[in-house]
Amino acid sequence: MEIGHYKARIIDKLVDLYLQTFSAVLIEGPKWCGKTWTSKHHSNSEFMLADPRGNFNNKRLALLDPTLALSGDKPRLIDEWQEVPAIWDAVRGKVDETVEKGQYILTGSATVNKDKYIHSGTGRIARLRMRPMSLYESGHSDGKVSLKDICEKKAQDLYVGDLELGKLIDFILVGGWPAALGMSPEQGVLLSKEYIKAVLNEDIYRVDNVQRDSHKIELLLKSLARNESTTVTNTKIRADIKEKDFDDINVNTIAEYLELLKKLYITENIPPYANKIRSSLRVKQSEKRHFVDPSLPCALLNLTKEKLLGDLELLGFLFESLVERDLLTYVSSFGAKLYHYQDYGGNEMDAVIEMEDGSWCGVEIKLGANQIDDAAANLLRINDSLAKTGGKPATSLCVICGLSNAAYMRPDGVYVVPITSLKD
């Protein structure tokens, strides 16, 4: 459908490819990340289950007969299908009747328990994950350097110019929500605070119609915000909640609530890069905690530009969150996967990008240019250690930073690139 002022997204090429390959495509991810607008861009008709017109007439019709949502020009968008889970089986049944590709686009901002529908849809309904806008998508990265080229050791040296620290903080506070484009940091934080309110007041119930303690979930969210970009355990989260908020929460309840936040796409943890390196070094198996966008921990902790300028350690963690949000989108575009690495030998890399052929790129994420030398030395030391203990050495190594004025390869072979010049 024609959409005025549609801002292209990196996922667009994948949506086109999937529509040519599969009968139906599910685009899932957090609400407000742009799923509906992107899906409209790729569809020729729509059925909006959250449309309030006629006392939510569309939803009422779909509850009465899910197949009523399927009639229309193809590809047909069915937005927020999880409002009527039976639509999944209706779509699956419909695409079984024909070999036609690209019939339906479904969107969802919450994972539905599998007992709500009968069939998995494997081979018929393909899944794509969408996230808030990367800096390249929002126009805050000039895109002069391709991450894929870095991973394949093809990137060229470029001068890209200086960036003020305050501008980088603005990107963190505002986040990647399409609705926040052009907003001031104060407006962006306010938008994210309303996002959190909606999660606590509505979404935690609507995901499976179970009443939960929203106060406990808020305490958990604040603890996750304080521990953003770390591998903190559930036990430590419980201790943090008790210490900071003078309240207590059961570890099993924490696990349940963490799974709920995952279902709502509020969090997206980075898994550990484990046996694929094939080193004799014992690898830690902890996931790195991440909100889906750095603006959310900023809202939860009531952060401002002034507060972040006064706490550079916290700013460093949030900058890492910003970079890894972007990396998740970039690597998905060329079939790679994102991990982090920690082992019991004291080695740690902020990110590991694994390509489809098994080759990998080690990444360190640093806010300031004064940290580049140490970051490069760390990458080289870990890569050498892995090779000596039977591991597969990296194809490339890279330091992604906030305040470098150039993208270049160092004499030691480590790439340096500012996040505001990176694209897929």
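A: What follows goes through the pockets, then the cavities, and then some of the packing elsewhere in the chain. The model is a predicted one, and every value given here was computed from its atoms. Rolling a probe the size of a water molecule over the atoms shows where empty space is left.

The largest pocket holds about 1,100 Å³ of space. Its lining is made up of 43 residues, and those that lie nearest the centre are R129, R131, E268, N269 and L328. Several elements give two or more residues to this lining, namely the helices α1 (12-21), α11 (251-263) and α14 (312-333), together with the strands β5 (125-129) and β8 (337-342). Sorted by class, the lining of the largest pocket has 19 nonpolar residues, 16 charged ones and 8 polar ones.

The second largest pocket has a volume of about 790 Å³, and 31 residues line it, with E80, Q82, E83, S109 and R206 lying nearest its centre. Helices α2 (35-42) and α8 (185-206) each supply at least two residues of this lining, and α8 gives the most, with 5 residues. By class, the lining of the second largest pocket divides into 14 nonpolar, 10 charged and 7 polar residues.

The largest cavity contains about 60 Å³ of space, and its lining consists of R131, E268, H290, F291, V292, S321, E324, R325 and L328.

The lining of the second largest cavity has 8 nonpolar residues and 1 polar residue, with no charged residue in it.

F171 lies in helix α7, which covers residues 165-174, and F171 counts as buried because its relative accessible area is 7%, under the 20% cut-off. Leaving aside neighbours within four places in sequence, F171 is in contact with L135, H140, L322 and T420. The C-alpha atoms of F171 and P75, by comparison, are separated by 35 Å, and these two residues are 96 residues apart along the chain.

The last part to consider is a meeting of two helices. Two packed helices are described by the angle between their axes and the distance between the axes. The axes of α9 (residues 214-226) and α10 (residues 234-245) come within 9 Å and cross at roughly 105 degrees, so α9 is roughly perpendicular to α10. On the α9 side the residues that meet the other helix are L219, L220, S223, L224 and R226, and on the α10 side they are I237, D240, I241, K244 and D245. The residues of this contact divide into 5 nonpolar, 4 charged and 1 polar.

Key. Residues numbered from 1 in each chain as written. Predicted model: local features only at pLDDT ≥ 70, side-chain atom pairs only at ≥ 80, totals over all residues. Heavy atoms only, no water. 1 Å grid on protein atoms, 1.4 Å probe; cavity = no way out; pocket = protein on both sides within 12 Å on 5 of 7 lines; lining within 4 Å. Points joined across faces, edges and corners; volume = space filled by probe spheres on them. Helix = DSSP H or I, 4+ residues; strand = E, 2+ residues; numbered from the N terminus. Nonpolar A, V, L, I, M, F, W, Y, C, P; charged D, E, K, R; others polar. Buried < 20%, exposed > 50% of the residue type's maximum accessible area, 1.4 Å probe, protein only. Contact = heavy atoms within 4.5 Å. Axes fitted to C-alpha atoms, helices over the stretch in contact; angles between N-to-C directions. Parallel < 35°, antiparallel > 145°, perpendicular 65-115°, else oblique.
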